[in-house]
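Subject: Structure handover

Hello,

Here is the structure for you to look at. My notes follow below it.

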Amino acid sequence: MNSIIARLEELTESVAAQLQFISSDDLLAFVEERQQMIDEINLLKQQTPFTPVQMERLQKIVEFDTVLLSKMTSLKSEAADWLQYRGQAKVQRNAYEAAYTPDSFLMDKRN
């Protein structure tokens with residue numbers, strides 16, 4: 001169990017160190033990898049309980065959650081803003097590309 005906790009600590013600290021430059025894809029990969037490690041820890045916990053040292057190490061990992069959640073919220077907000085901008089641009093583009101009524105016709109007067 002100590003090796004998994006060590007890997008989780010290393011992964012969490014490396015992501016936290018790069019947090020201001022991390023992309024949403026990298027953050028998603030981190031969350032997925034972290035969840036796998038947590039699942040492994042939960043399985044091992046059923047066999048042997050945590051020692052006080054392990055509990056302390058896990059608590060330090062959990063302390064990074066607020067910073068990570070803040071970054072996730074920021075990325076979510078950026079994505080929502082981008083989607084809203086794209087929606088507005090689409091509405092404006094559609095206004096200029098509006099189809100004319102099919103019953104209309106052009107009259108050409110020749111002298």
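Which residues does leucine 68 touch, not counting residues up to four places away in sequence? Leucine 68 touches Val15, Leu19, Phe30 and Arg34. Please keep in mind that this is a predicted model.

More on that residue. Leucine 68 is found in helix H4, residues 65-96. Its relative accessibility is 2%, so leucine 68 counts as buried, the cut-off being under 20%. Along the chain, leucine 68 and alanine 16 are 52 residues apart.

Now the overall layout.

The secondary structure of the protein chain comes to 4 helices and 0 strands. Read along the sequence, the pattern is α-α-α-α. The protein chain has 111 residues, and buried residues make up 19% of them. Take the contacts between residues at least 6 apart in sequence: 83% of them join residues at least 24 apart.

Next, helices H1 and H2.

H1 covers residues 2-17. H2 covers residues 24-47. I checked both lengths at 1.5 Å a residue. The 16 residues of H1 should span 22 Å, and its end C-alpha atoms are 22 Å apart, which agrees. The 24 residues of H2 should span 34 Å; its end C-alpha atoms are 35 Å apart, which agrees.

How do these two pack? Two packed helices are described by the angle between their axes and the distance between the axes. The axes of H1 and H2 come within 10 Å and cross at roughly 160°. Angles over 145 degrees count as roughly antiparallel, so H1 is roughly antiparallel to H2. The crossing of H1 and H2 is left-handed. On the H1 side, the contact is made by Ile4, Ile5, Arg7, Leu8, Leu11, Thr12 and Val15. On the H2 side, it is made by Leu27, Phe30, Glu33, Arg34, Met37, Ile38, Glu40, Ile41 and Leu44.

The buried residues of H2 are Leu27, Phe30, Arg34, Met37 and Ile41. An α-helix has 3.6 residues a turn, so residues three or four places apart point the same way.

Then H1 and H3.

Helix H3 covers residues 52-62. The axes of H1 and H3 come within 10 Å and cross at roughly 20°. Angles under 35 degrees count as roughly parallel, so H1 and H3 are roughly parallel to each other. The crossing of H1 and H3 is left-handed. H1 makes the contact with Asn2, Ile5, Ala6, Leu8, Glu9 and Thr12. H3 makes it with Gln54, Arg57, Leu58 and Ile61.

Is glutamate 9 buried or exposed? At 19% relative accessibility, glutamate 9 counts as buried, because the cut-off is under 20%. Glutamate 9 lies in helix H1. Not counting residues up to four places away in sequence, glutamate 9 touches Arg57 and Ile61. The buried residues of H1 are Ile4, Ile5, Leu8, Glu9, Leu11, Thr12 and Val15.

Best wishes

Conventions:
Residues numbered from 1 in each chain as written. Predicted model: local features only at pLDDT ≥ 70, side-chain atom pairs only at ≥ 80, totals over all residues. Heavy atoms only, no water. Helix = DSSP H or I, 4+ residues; strand = E, 2+ residues; numbered from the N terminus. Expected span 1.5 Å × (residues − 1). Buried < 20%, exposed > 50% of the residue type's maximum accessible area, 1.4 Å probe, protein only. Contact = heavy atoms within 4.5 Å. Axes fitted to C-alpha atoms, helices over the stretch in contact; angles between N-to-C directions. Parallel < 35°, antiparallel > 145°, perpendicular 65-115°, else oblique. Left-handed = near helix turned anticlockwise from the far one by under 90°.
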